Amino acid sequence: MSTALPLVDPAPPASKRGRTTPPRHLADLDLAGRRAAVAALGEPEFRAGQVSHHYFGRLVRDPARMTDLSPASRERIAAELLPTLLTPVKELSCDGGTTRKTLWRLHDGARVESVLMGYRDRVTVCVSSQAGCGMGCPFCATGQAGLTRNLSTAEIVDQVVWFAGQAVDGLGPDVPSRLSHVVFMGMGEPLANYNRVLDAVRRLVAPAPEGLGLSQRHITVSTVGLVPAIERLAGEDLALTLALSLHAPDDDLRDELVPVNQRWKVAEVLQSAWNYAARTGRRVSIEYALIRDVNDQPWRADLLGRLLANKLAHVNLIPLNPTPGSRWDASPKSVEREFLRRVRSAGVPATVRDTRGREIDGACGQLAASENRPQLENRGLTRLGERGKAEQ
Ligand code: SAH
Ligand code: SF4
């Protein structure tokens, strides 16, 4: 178990700050809700479509650039439906600008982060669903900091819209200009913020101007294994990709690595994953962070293979990104290769996750945790910008 981390956010702790509701934003509402909201401002209902077209269709977040609205209408609508939800505090990039990470300050001072990864065939953004996380997985920087609060629907959607705008502006010569994939693998447990996450997903998949028009199967919800919420997700009319963070095939170890396992055991959580696969036809991604001498033994690879054989599953091995102060490390490459070989020899498709963005602390919760670490300066980062210093 890792030792306690120093407090990284100079804002007051959540207990003192209290839970604050972010201001309402266009992206919190469906089109009907937006029409009602503009009508309540005394504006004609078609303004809802106009503003939606700017935000979701043109990826314009700044009301000043919505020039087809009269200044008076713009001001009213901006105040009521386009409040600033996310203020970039730090922007980092690597891989020639095709991997980017932004640390955001929310309206109440809470911090979250999002990461963009541009490839030849896709542009993926990894979003946060909560400020912090209450699930307490000991290898995860987010988990060590605890839960501050749930993000609102619009706080989630706005992370995606911001990066979608960056993709349009150009990420590099070989990278598409359209953002195509969203993974809920940033800070937080998405299924512990179920309603807002689902609303955000509905905005992401609704065709423009109601939403971003992304494909359902290009959205991945990663969960620690909240069984009732997985069952509920299976009953939605959405064919999302489900990622289950398993990390151990046996209850003894999973109870420690993923404390929620004390409530829902390996057999139960896997059964809910198979139900999800059966209901949606979607292959479930089983996430397994390989931790040296903790969960990387050959017998655990064999057990994992037996549990997953003949199921609609794919194993994603993640080299552990050690968190500051933790005594755990990634497995050696030879151990990783043997683990992979054994899982595959059970007939289970398995790959090792690309570790892009490591030099900008691209794993779950890392940037928020390292925000004040001076060694960040010495790691060859390209600092895209640093704003909001005065308010920190
Ligand atoms: N709470 C959700 C989603 C966010 S975490 C979940 O746990 O699934 C996204 C992924 O990053 C999870 O698979 C998580 O286990 C993994 N992760 C967290 N900390 C990590 C670390 N230090 N190194 C490698 N993977 C990590
Ligand atoms: Fe929360 Fe996921 Fe981190 Fe566990 S791994 S503490 S569920 S963010």
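Helices and strands here are DSSP runs, numbered from the N terminus; a helix has at least four residues and a strand at least two. The model is predicted.

## Overall make-up

The protein has 13 helices and 13 strands. Of its 392 residues, 47% are buried. Among contacts with a sequence separation of 6 or more, 70% join residues 24 or more positions apart.

Start with Ser129. This residue sits in the loop that links strand S4 (123–126) to strand S5 (130–132). Is Ser129 buried or exposed? Ser129 is buried, because 27 other C-beta atoms lie within 10 Å, and the cut-off for burial is 20 or more.

Leave aside residues up to four places away in sequence. Ser129 then touches Leu151, Ile156, Phe184, Gly188, Pro190, Asn193 and Val197. Val157 is 28 residues from Ser129 along the chain, yet their C-alpha atoms are separated by 9.7 Å.

Val197 belongs to helix H7 (residues 194–205). Val197 has 25 C-beta neighbours inside 10 Å and therefore counts as buried. Which residues does Val197 touch, not counting those up to four places away in sequence? They are Ser129, Ile156, Phe184 and Pro190. Leu151 is 46 residues from Val197 in sequence, with 8.5 Å from C-alpha to C-alpha.

## Helix pairs

| Helix pair | Angle | Axis separation |
|---|---|---|
| H2 (residues 31–40) and H3 (residues 46–57) | about 120° | 8 Å |
| H8 (residues 227–234) and H10 (residues 266–280) | about 5° | 9 Å |
| H11 (residues 298–308) and H12 (residues 333–345) | roughly 30° | within 8 Å |

Take H2 and H3. Their angle is about 120°, so the two helices are oblique to each other. The crossing of H2 past H3 is right-handed. On the H2 side, the contact uses Leu31, Arg34, Arg35 and Val38; on the H3 side, Arg47, Ala48 and Ser52. By class, these residues are three nonpolar, one polar and three charged.

H8 and H10 pack at about 5°. Angles under 35 degrees count as roughly parallel, so H8 and H10 are roughly parallel to each other. H8 contributes Val227, Ile230, Glu231, Leu233 and Ala234 to the contact, while H10 brings Glu268, Val269, Ser272, Ala273, Asn275, Tyr276, Arg279 and Thr280. How many residues of each class make up the contact of H8 with H10? Seven are nonpolar, three polar and three charged.

H11 and H12 cross at roughly 30°, and therefore they too are roughly parallel to each other. H11 passes H12 in a right-handed crossing. Pro298, Ala301, Asp302, Leu304 and Gly305 of H11 face Glu338, Phe339, Arg342, Val343 and Ser345 of H12 in the contact. That contact holds five nonpolar, two polar and three charged residues.

## The shell around ligand 2

Ligand 2 is surrounded by twelve residues. Which of them are the closest? They are Cys133, Met135, Cys137, Cys140 and Gly143. In the shell as a whole, six residues are nonpolar, five polar and one charged.

## Backbone points to check by eye

Leu59 lies in the loop between H3 and helix H4 (71–81). Leu59 counts as buried because 20 C-beta neighbours fall inside 10 Å. The burial cut-off is 20 or more.

His247 lies in the loop between strand S9 (241–245) and helix H9 (251–257). His247 has 25 other C-beta atoms within 10 Å, so this residue is buried.

There is also a cis peptide bond. It runs from Ala208 to Pro209, with omega near 10°. Where is Pro209 found? Pro209 is in the loop between H7 and strand S8 (219–223). H7 is also the helix that holds Val197.

Note on methods
Residues are numbered from 1 along each chain as its sequence is written. Chains are lettered from A and ligands numbered from 1 in the order in which they are written. This is a predicted model: local features need pLDDT of at least 70, side-chain atom pairs count only at pLDDT 80 or more; totals for chains, interfaces and linings use all residues. Axes are lines fitted to C-alpha atoms, for helices over the stretch in contact, and angles run from 0 to 180 degrees between N-to-C directions. Angles under 35 degrees count as roughly parallel, over 145 as roughly antiparallel, 65 to 115 as roughly perpendicular and the rest as oblique. A crossing is left-handed if the near helix is turned anticlockwise from the far one by less than a right angle, and right-handed if clockwise. Two residues are in contact if their C-beta atoms, placed from the backbone, lie within 7 Å. Ala, Val, Leu, Ile, Met, Phe, Trp, Tyr, Cys and Pro count as nonpolar, Asp, Glu, Lys and Arg as charged, and the others, Gly among them, as polar. A residue is near a molecule or strand if its C-beta atom, placed from the backbone, lies within 6 Å of it. A residue is buried if 20 or more other C-beta atoms lie within 10 Å of its own, exposed if 12 or fewer, and partly exposed in between; C-beta atoms are placed from the backbone.
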